[in-house]
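Here are some short notes for a first look at this structure. Please read them with the model open.

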Amino acid sequence: DEQLDLDDGRWEDIHVVTGALKLFLRELLEPLVPFSHFDKFIAAIKIQDLAMRGRCIRDLVLSLPPAHHDTMKVLFRHLCRVIEHREENRMSVQSVAIVFGPTLLRPASEEGNMAMHMVFQNQVVEHILNHYGYIF
């Protein structure tokens with residue numbers, strides 16, 4: 001319900017805006033990639049055959065609920081634009097995946113190996129960024 005004035009000086013620092021976006025995504029009751037899809041995405045990124053991996057991840061993205069899919073499409077389009085300016089902002093595909101992977105894709109409970117999950121979470125986000133045109 002809050003009306004934000006994006007011309008206000010406190011929004012000039014891109015780190016504040018990015019932090020707010022990450023905080024919003026992290027505090028969702030369910031992440032952008034729903035809990036029900038977490039294990040499926042992790043299994044998909046482990047597929048050795050690259051063509052099959054690509055099809056599987058695309059199909060999983062297409063199977064997301066419409067609100068999740070549409071939000072993901074807009075967010076990843078924006079993140080791809082951020083990556084296009086990596087020379088100025090030092091945000092490569094890998095950097096963006098590291099920053100957003102654990103926020104967008106997380107298990108319902110952190111019982112397993114968190115470090116191993118994080119590697120695969122980042123790989124999923126990196127894959128979607130690298131293949132945005134094919135996936136969406």
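1. The crossing of helix 1 and helix 6 is left-handed, that is, the near helix is turned anticlockwise from the far one by less than a right angle. Helices here are DSSP runs (H or I, at least four residues), numbered from the N terminus. The model is predicted: local features need pLDDT of at least 70, side-chain atom pairs pLDDT 80 or more, while totals for chains, interfaces and linings use all residues. Residues are numbered from 1 along each chain, and side-chain values use heavy atoms, without hydrogens or water.

2. Contact means heavy atoms within 4.5 Å. Helix 1 brings Thr18, Leu21, Lys22, Leu25 and Arg26 to this contact, and helix 6 brings Val99, Phe100, Thr103 and Leu104.

3. The axes of helix 1 (residues 14–26) and helix 6 (residues 93–104) come within 9 Å and cross at roughly 25 degrees. Helix 1 is therefore roughly parallel to helix 6 (angles under 35 degrees count as such).

4. Look next at the largest nonpolar core, with 31 residues. Such a core joins buried Ala, Val, Leu, Ile, Met, Phe, Trp, Tyr and Cys residues through side-chain atoms within 4.5 Å; buried means under 20% relative accessible area, with a 1.4 Å probe and protein chains only. Phe41, Ile128 and Leu129 have the most contacts inside this core. Helix 4 gives the most to it, 6 residues.

5. Which residues does isoleucine 128 touch? Among them are Phe41, Met72 and Phe136, not counting residues up to four places away in sequence.

6. Arginine 90 lies in the loop between helix 5 (86–89) and helix 6. Arginine 90 has a positive phi of about 60 degrees although it is not a glycine.

Note on methods
Axes are lines fitted to C-alpha atoms, for helices over the stretch in contact, and angles run from 0 to 180 degrees between N-to-C directions. Helices (H or I, at least four residues) and strands (E, at least two) are DSSP runs, numbered from the N terminus. Angles under 35 degrees count as roughly parallel, over 145 as roughly antiparallel, 65 to 115 as roughly perpendicular and the rest as oblique. Buried means under 20% relative accessible area, exposed over 50%, partly exposed in between (1.4 Å probe, protein chains only).
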